[in-house]
Structures are given as C-alpha cells and as structure tokens.
There are 2 protein chains.
Amino acid sequence: MHIPLLSQKALFSFYDRIVKHMMITLATGEQIPYAPGESLLQSLKKQGVYLTASCGGKGICGKCRLKIVEGKTRTESIGKLDPGDVKKGIVLACQTFPEEDIRIEIPKESRLVVGDAIEISRSGDLHELFQSLNCSISPLLQKISLDIEPPSLRNNISDFERFRKALEEKPSKNIYFPHNFFSGFANALRQSEWKIDFHYSEDGRAAFVTPSKSASQIGIAVDIGTTTVVLYLVNIDTGSLVDVSSTYNSQIRFGDDVITRIIYATEGGGLSELQDAIVEDINNLITPLIEKHSLSSEQIHSAVLSGNTTMMHLLWGLNPEHLREEPYTPTLNAFPIWDAKTARFHANPRAPVYTVPCVASYIGGDIVAGVLASDMHRHRAVSLFMDIGTNGEIVIGNNEWLITAACSAGPCFEGSGIKHGMRATKGAVQALSIHPQTHEPSFKIIGDVNPVGICGSGMIDALTELFLTGLIDQKGKFRKYPKSERIQEGFNGFEFLLYKDNQREIVLTEVDIENILRAKAALYAGISSLIKEVGLAINDLDRIYIAGGFGNYLNVEKAITIGMLPDLPKEKFTFLGNTSIAGAYLCLRSGTLRKEAEDIALKMTNIELSVSRNFMDEYMSALFLPHTDMGLFPSAAKLLKQGREENHSGRQ
Amino acid sequence: MHIPLLSQKALFSFYDRIVKHMMITLATGEQIPYAPGESLLQSLKKQGVYLTASCGGKGICGKCRLKIVEGKTRTESIGKLDPGDVKKGIVLACQTFPEEDIRIEIPKESRLVVGDAIEISRSGDLHELFQSLNCSISPLLQKISLDIEPPSLRNNISDFERFRKALEEKPSKNIYFPHNFFSGFANALRQSEWKIDFHYSEDGRAAFVTPSKSASQIGIAVDIGTTTVVLYLVNIDTGSLVDVSSTYNSQIRFGDDVITRIIYATEGGGLSELQDAIVEDINNLITPLIEKHSLSSEQIHSAVLSGNTTMMHLLWGLNPEHLREEPYTPTLNAFPIWDAKTARFHANPRAPVYTVPCVASYIGGDIVAGVLASDMHRHRAVSLFMDIGTNGEIVIGNNEWLITAACSAGPCFEGSGIKHGMRATKGAVQALSIHPQTHEPSFKIIGDVNPVGICGSGMIDALTELFLTGLIDQKGKFRKYPKSERIQEGFNGFEFLLYKDNQREIVLTEVDIENILRAKAALYAGISSLIKEVGLAINDLDRIYIAGGFGNYLNVEKAITIGMLPDLPKEKFTFLGNTSIAGAYLCLRSGTLRKEAEDIALKMTNIELSVSRNFMDEYMSALFLPHTDMGLFPSAAKLLKQGREENHSGRQ
C-alpha cells in the first residue's frame, strides 16, 4: 500500500497542530483545547464554558476569576484582584494565557450557567388583569371564514380571484399577498373543499388558509431582558398560560450590560453573533414547551416581544451603534409587524411578530409594556413607575401626559461592580439585619443553602443596617467608632465581613458601598428631576409602581431609609413583578391594548438626564444617606434617631 | 497498516458499482456513464446532452432519434421509426437501454442546443411605440428625494420617525416597511448626510434608500415563451434598449409543450426543477449583459415578466396541476408585485418584479401584453389579434369588449409532430415553391446552408403549393394524378420528397399534412367561432394583427389559400413580431400601461372552445383546403382555378 510522504512544510504544520495544541483540564476532568493567542476566557467560551464577564473581557470587572492549580501561564493584568488571591493562584481568565497544559478550578460564582432556573414572577393572574382592562380579544393573526363556490367550466376564474370575491363580501381591510401565501394555496382550497379559514396579520399581510375549524389560538409573549429571557406560552382565546419558561440571555457572555454589547456588535463586528444568541435562547425556550404540550411549531400563530431598545435592535439585527452615541438615536422605536420566519423563531413562519414600541435609546418597549400593565395611563391620578433591572427607568404621569427617563443606575443591584455581588438566584443573601450591638448579621438566603454572594435587596438591607447601626456615615464610609470586629482592612480599603466559611468570605467593601450609593442616588435623582420637570412635588404622587425581578424581595422601608425610594406611605407602593412580560401578554391578546401601547410610546416625553439642569444637583444631594435634605425623609430621620438611641443605650 | 475487510454484501455492492457502470461513447469521443434502469435519453440529459423530446420521453414524438454504432442495447418500442432507419441502427433514445458499453451518433436535428442563438424580433422601435401611446414614464420602483434634518440631543427621535416625518411632507401613499428595508438604514442615512432618495415599489413596499442623485433607472423586460426566453435590458428613462439577449427555455428538456411540463411538475414532482431551469435561463441572460455594460446587478431596479399562464406558474413555483384539469383554473391570474429576491434573479434583491396579468389557464400574460402592444384595446374598430407560437391564441375586440380563445393548434408550426419539422432556426426551409409541371421544389433556407428540416412558414408554403399543383386533394391526401416522381411510399404512407442529399432526406408525409391541416383548422375555427360568438362576420374585422416569431416569415396569401387566415385584403394584416416582449417593455416604463394591461386582462372574456357549440362544426369544416365553404375564400378559389388551368395547359 502506498503511503504518501509529507513535505517538510506539511510535516511542520502537522507537528504544530499536534504538539502545540495545549489542553486546559477542569476540576471535573473535562479537557478543553487551547489555541495560542486566545485568553483563557475565550478558549473556555468556545467550548461552552461561560464565565461572568461584566466588562466583556477587558480585565475591569474582576468577575472571571479562576484558580490555576497546575501549569505555567502568562498574566497581563491582575485588575482588581487581592494580592492574597493572586498568591493562591487566582487569576482573571480574560487576562491569562496558558504557556503549557494547565489545570484550573472555576469557583461557582464565576460560572455563568446559561439556562439555569430563574424564578419567574407571574405578575398575579394575567387573565384577571386582562379582564379588568375591559378589552375584547383580537389576536395579531386574524381569521375570516369563507365558504367559496367551487369552480366549474362556466365559471373558471383563477383560484385567487374566486377567493378574493368571497373575501370581498366580508368586511376586511386592504390585504397584501406575499409570495409565500400562494405555495400550496390551490391544494389547500381543494383539500378543504372550498370551506376555509383565511388568516391574515393585523397589518394586512395575508398569512395562509386552513380548513374551517375553530381551534384555540396559541401565541407566545417574550420578555427579552438584558439578563434574562422569559417566555409565556399563551392560549390567546382563554387567556390561560399554557406554560412559562425562562433562561439567561446568553448574550451575557459578550458583556453584562447593553453598552458592552453595543460595542461588541459594532466595534467587534458581532451583531449577527448577538442576534443568533438571543434567537437561539428564544427557540430553546419554545421547543421544549411545545413538545411538552404536544403542539407543533406551526400552531404558534403569533408572538409579542418586549424588551429594551438595544435588545430589540439586536434581535432584529439592526445596527445598535447610534444608540450609545450622542444624540442617542435608535433606528426604530415603532417596529412594523414582521413574521416568525424573519425572526427565525420556531413558530409558524408566517406568524406575525409584534414588537412593543420603544421610546428612545434607553427607554424601551419593556417600559411601555410596564406602563400598560400598571394601567397608570388610564387614570387621572399621577403615578410613578420604576423598573429596576440591569438599568433603572422611571415614568411619571397619568392619562394626559407621561414623562420618562433612564437613570443610568447601572447593574449594581444585579451584582455587577459589587465584589461579592450576584443576581437574585440560589445562594444569594436577599435580606439581612445587623445586630445593633454585636454587629452579627443574620440572613435570608435564596434556596436555603450557604450564601455565595449578595443580591440587590440584600445590598439595600446591608446599607440600611450599616447606616442605622452607625457603622457607616452619611457618605457611606466606615466610621472609626463604634469599633467592630466585622470591619476589616482589605486590598481595596475597609470592608464589612458579612460571612465566612471554609470556602469563602463574603464582604461588602467601601467601594461596593460607593457603587450602591451611586445607583440609589441615580434612581432618586431621576425621580426628583422628573417631578420638578413637570412642576410637581414628591407628595403629589398618588401611586408608586415598582417593577422588575428585584421588587420581589425589596424591603420598601429600608429602601426609603437609604433614600432610594421617596418617603411616602407604604400603602402607596405596589410591586408589579415583571411588567415587561405582563405587557407583552396583554398585547398578545388585544389590538386595543396594542394601540394603547403605541399611544403610550408616542405620548411619553423622554428626558435625557445627562443634559437636564436639575439632575446633577439632585444626584449630588442623593449621594448621602438618605439625602442632604433630611426633610425629604422624615421616616428615615425617625428611624435614625431611634437607632442612635438604641446604640447609645446598648453601649451603656 | 490495517485494511478493513469488506463484508460479502458490501463487496458485492462495490462490485456492482464498479463493474456494472457502463459507458456511452459519443461520436466526439466524449464518454458518459450509464446507470442501469435509465433510458439513454435520461443518461444523456444527466450529463447535459439534451435531445429534443416533444413528448417528454414517452416514445410518441419520434424526435430523440440516435444511431447505435456499436454495442448491445434493449429497445422497448420503435415508435414511429421507419423500418429502414431501424435497420441502420436508429433508435429512440427514450425507449433504449444499453446492455453493455455502447458507441452512439446523435444526428444534428435530434440535438437541442440550449443557449443557441435565436433570432430576436425587435418589434420595430419600441420607444416610438411607447411615445405613440402618449403615457408618462413611471417605473415600478418609484423615488422620492428627501432632505432630512439631522438628529440632535434636543431632537433625538428614532431615525425611522425622522425619515417618516420628512416623507409625510411629500405626497406619497401608504407604505409597508419590510424587515430588510432596515438593515443598513441607519448607516445609509448618515453616509448620505441625511440627503437621500427613498425608493419604493409601486404597490407601496419600501425598498431602500440611496444618496440623492439622479441616475437613469435600468430594468429588464422578459418574455418567457414555452420555447424561447427573450430578455431586454432597458433604460427606463430614455427608453433605449441597452441590449437584448435570448435563449431556449431549458425546460424543453422536460417536454416541448406546456402539458408535458405540467405533468412533469405534478406527477413527476419536478416543479422546483422546472422553476430552477427557467430562473437559471433568465440569470444566464442577465449576467453577461450586465458585465458587458459594466453594470452591477444592484442597478437593475425592476423587472417585468410576460408569458403564458403555465410559464408564470412555473416561474413563481406555483402548482400548475389545475391548469390542465377541468375546469382549468389557474392559481393566479393577477400576480401581486413580488421582488427579485423572491424570484431569485440576479438583480437588486428588492427590485419589484411585475408579472403581466393572465386571463385563464390557456390565455396568458403574453396575450395581454400582445393586445397592449397592438393598441387594439384603445380603438373602436374591431380587430383580430393572433399569436401563433407553441400554441395559437386569438383575441377579437375593441375599446369596449375583448373576447379570446386558445385554439389548441399545437406546436406543429414549431416542428413538433412533423417528421422533419423544426423550429425557425438555421437550416430550416422557411419558404418554398413547387414547379407546377416538374414538381421540383425551390427553397429559401434560414442561414443559407443545406436544409435540415422544415419550419412553420415552410410547411404552409408546402401545403399551398402541393394543393395548387394538384398533388394533394382538399382533404390533404396525395392524388394518384398528376403522377410525380417526388411522391414516394414511406413507412407511414405516401410522402413528398422535398430534399435529398448524402446525409438526409427531407419529406412531408401524409401524416404531417394531416397535422398541419388540424393546426390551421383549429386556428381558423377559433377565429370563426369567436366572430359568431359576438354576432359579427369575418368581414367586420378591420385589422388583423399577427404576433409570434412565426409571423416574420409567414406568406399571408399562402396562409389564406390553405384557409388558415381569413380571406381579407392583404393591407389589413400587420405583423407585430414578438408582442409579448413589446408589452413587457411598455409595462416596464409606465404605470398607466400596467393599469391598461390589468384592464385588458379583466375585460377579456375567455371562451373555452372545447365547450363551445360552434367550434366542432367550424373545425370540421376547416379541415378542408381551404374550407368546405369556398365562398369564404374567394381569393383562394381564384388561385386554385388559375392553378388548375396552368396544370391543364402544362399537360397539354
């Protein structure tokens, strides 16, 4: 048998590929190939091992920590890592390059498990909400039943003319017939013996014909958050939720927030990669649900998408570049109705897909959906709507006017920028109190396991407790007195030791506190700037609606105490949960509500806080605990006074 | 080295493939593999060697003749072959199956050279015709120039809203914005510094934006005939023909006429194969033209298609099944405007593609285009329009009414069903006369070469001459007297020897004459049935327009003599050439004319001759030369009388 000889050059290339292909061994024994030039973060990502990387792999966020157990690596930067950690072999995956086969350990908190269970806030009974809004059901895909006279030799006009004549006898709008409507049209008419249902999209595009029958319409409502994606499978006629499902937005692997993703899409040329990621997420939610309920994808007859403006641009493959560049213009706010084939969803290819309209670069359809679900746009009383998620958005208004702003609160309440911050998932400290004398903290942990980090509501509680116990001052700095064993000096300055076991320490650093302060100040300054913009005062607010997964755990009194929420009676606050999905659900079922969503979007005046005269002043004042103007926070002042007295009596 | 052992079964299959792969060697030396089970016709087709096969490979038409020079074959049927031919080794490729390696010779006339040059009838000066119709220019892709105010921080509505506001200031219709309009939209606006041309399709679909500038619009007009495809590259603004090109419709390899293709599409499941073939033909015409003129496909901004109903169904991928089944219903007659991307044309993907509307299963857009180009629909005088191509269609009418019928004349004038029939290409006898005494024929051959066959106009001349010289009787049968050396007895009965050289004989058989008689009878019976249908007589016809490639060579007097055309003064006849492409050209340039085409299609009453009481009687009467009622053909009667006298005097 003839064996071809390799040329010198081919042999070297062969050698290169075999010999220089280094391996990364995980604690599980799994082996991952490493290609020279890539960071550890990139190599792991290629093989589906995703690490949290809020900064998109720039060495800034310090989240992609892992331990080199064996083998030589080159590290470009240690970023915010403690020297102690560095000694233990901890590195940032995005800054580290193997120089031989290595063995690594990935701490739980660094790992991003896409598809992990996310708690779904069902926003109460949506069908009840729908009924309270008093609208008739009108799906995106509408239907007209036609009984067509079959052709004969004396009347052999084309199938389409015959169909059109039958259609013209019914009240219907001007319909556009795309090419794909006609494939199979002739056979469908004959198979159904000329008794058909004609389905068309609300905007007048013909979809398809089916034999006449009355089956319930199935649709999907999707909330595309920067962090999570939630999907409801809905029986449009009865309003029942057939099922619900959710996942992380796997775009997270390209960056935690919208800005890093926009940069990745434009400078990194990754637009289609980001688009593919979210489309795949949605399909990964649809497919198991329809299998579980013995449906076919063809039976999904419509979809409604709700999300922020960047998410909608990425999903539809539109260049998001100008969203983040002054003067911050989206390509589209009001998206035409497109179809599932264009969106590449596992649904009937001609199912209309409705996008809840956006308002501006940083006020998206999720906020419009939220206002719709809150019902505030129908009442005379002035309400405040806040959605605290990866960013913070605020709407104030009533049935006559609506004013809105994005607060740039940042994703700190979702764990980003906080040393041991994490999302509100298993292992997160969601509530805590600190003993006024011993300073011993007691926790509520999600999932009743040992804590692995602290989530947004835990941070607010921690700040409140540190403030009320007098451990930090109005500026969020640790005081010298009272002394506490829990306050220790770390690599980045003073920190409060929340928890310690064999595996980990969980601390809240002064830098963390500063970040939380900035976030709460941005929210509060947003509210007070908007209120002033319309010539009203905080006390004029009749209702405060808080939306976002965050709201499920939030302690209103504590949030008032640190000056994040306005100091109003507790009964004025209502937690609405995920209003983005609730609004999407409503739009899936009613054309009246889709019209209301469009009216809300058109009516909303967006204030760019970065150019608002008030905002910077308000922000500076709100950087204190609770505020430089204590008169605005009477209940906080009262608690503070009580706290001081207790501390005082405790010391006696 | 390890060599896997083959199992007994695998070894046999291996053996099968290697050993049983027989080869077909052509006269050129080219070798073609033969797979057992396939006919020779199929094997050759697979390798791009196309033979004429009018019947689609059923052994009926007798066109796919070839000679087996060497090797053993099995023949299922010899069809219409002469025993003499069979002795020489001539077989029908569709009925023949090699049993070992063979060597074959393919006669020139059996071979179908796709892409062969076809004479293009330019239908006079089309721009002159356009000007005579007195319409303004309005392309399918319309354009609005917009000068948009750039965004600022104080006015940062979305790009689309900004665009819409500028658009709303201009008079324009309701526009639908498909998803693909928006890819690149944001960048296009900025690159053109907000001074743009917005292009949209006549039916209100947004296409794209370009920087403001005035370049001439380029479009294509395509005539999709059953046999040939003709494409005009047109400067829509000036009306000039940038270039023209044509090819055979390569669907011919699946059958010569629409019926065999419909069967292939439906029973053979070959719809997409047929669709691909015609799309490829069109693209093969476009690509060299745009290269030659240094254009890009993006610059082709619109297209108009004209063709019969079957061709349009096949091009758009619509099931043609019901076109040939009673009650003969097309899926569509009035096709919406679709786009070049859907059609898969090498043109701007968003270029609107307009299909000239059809009337019925056997009255297509080519006939509507023809009426449009004839201008008969605008005048009070009653005209007759005939298009004699692969089939024969007739329209009678004026500016108030139009009546039409397809005559089932069949493709005999294109060579099908005629022993030595061929299309009007190089080597075809296009005109002839027969000496009244010697019976020696003299020819006009296309291309001044030795004749290889006879085309439609030659057949009409032959029939006329045989009739006038008294060699055939009124029924088309050869007479016993006058005796002629040219009349010989062949395998299928008597035949007239037109030509003979070393390579071939060209004869006209009694069967051929019968087929020509049937075709001319169908045409004339169609005309007289329609005339009676509207209560008029032949003499009420003011003008007769003859369209089709055929018209270029047709001798009107001879066609009258055999009773194919009505006996009217010669000056009433006008040859229009290819009116299908002329109508497509007109529709490419003017919305008014597109509207007129639609009105023509709506106005036309189609008569199914197969259910017309008159037709069968008329047809039977027209099966005579020229007709049973000689009173209808006074000029023929006169010629006949002259002829008889000459014959008589000749004999003296």
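**Entry 1: strand E19 of chain B**

I began with the side chains of E19(B) and looked up which way they point. Leu402(B), Thr404(B) and Ala406(B) point one way from the strand, Ile403(B) and Ala405(B) point the other way, and all are buried. I note here that the model is predicted. For the strand as a whole, which spans residues 402–406, I recorded that five of its five residues are buried, so that E19(B) is mostly covered, where buried means under 20% relative accessible area.

I then asked which strands pair with E19(B). Strand E18 (residues 392–397) of chain B pairs with E19(B) in the antiparallel sense over five bridges. Within this pairing, I found Ala405(B) to be the bridge partner of Ile394(B). Four residues make up the link of the hairpin that joins E18(B) to E19(B). Strand E28 (residues 604–606) of chain B also pairs with E19(B), in the parallel sense and over three bridges. There I noted Thr605(B) of E28(B) opposite Ile403(B).

**Entry 2: a sheet of five strands in chain B**

Next I traced an open sheet in chain B. Its five strands follow the order E2-E1-E7-E3-E5, and their pairing is mixed. Strand E2 (31–34) and strand E5 (90–92) stand at the edges; each has a single partner strand, so one side of each is left without a neighbour in the sheet.

Strand E1 (residues 22–25) of chain B and strand E7 (residues 102–105) of chain B run parallel and are joined by two bridges. Arg103(B) in E7(B) stands opposite Thr25(B).

**Entry 3: two hairpins in chain A**

Strand E23 (residues 487–490) and strand E24 (residues 493–500) run antiparallel, with four bridges between them. They form a hairpin with two residues between the strands. Ile487(A) has Phe496(A) of E24(A) as its bridge partner.

E24(A) is also joined to strand E25 (residues 505–509) of chain A, by five bridges, and this pair runs antiparallel. How many residues lie between E24(A) and E25(A) in their hairpin? I counted four residues between them. In this pair I noted Tyr499(A) opposite Ile506(A) of E25(A).

**Entry 4: helix H7 of chain A**

I listed the buried residues of helix H7 (residues 258–266) of chain A. They are Val258(A), Thr260(A), Arg261(A), Ile262(A), Ile263(A) and Ala265(A). What do the buried residues of H7(A) pack against? I found helix H8 (271–292) and helix H9 (309–315) of chain A as their partners.

**Entry 5: the two chains together**

Last, I compared the two copies. The same surface serves both copies, since 100% of the contact residues of chain A recur in chain B.

For the interface itself, I recorded 44 residues of chain A in contact with 44 residues of chain B. The area buried between the chains is about 3,700 Å², and carbon and sulfur atoms give 62% of this area. I also looked up salt bridges between chain A and chain B, and the count is zero.

Conventions. Residues numbered from 1 in each chain as written. Chains lettered and ligands numbered in written order. Predicted model: local features only at pLDDT ≥ 70, side-chain atom pairs only at ≥ 80, totals over all residues. Heavy atoms only, no water. Buried < 20%, exposed > 50% of the residue type's maximum accessible area, 1.4 Å probe, protein only. Contact = heavy atoms within 4.5 Å. Pairing = 2+ DSSP bridges. Buried area = accessible area lost by both parts, 1.4 Å probe. Salt bridge = Lys/Arg side-chain N within 4 Å of Asp/Glu carboxyl O.
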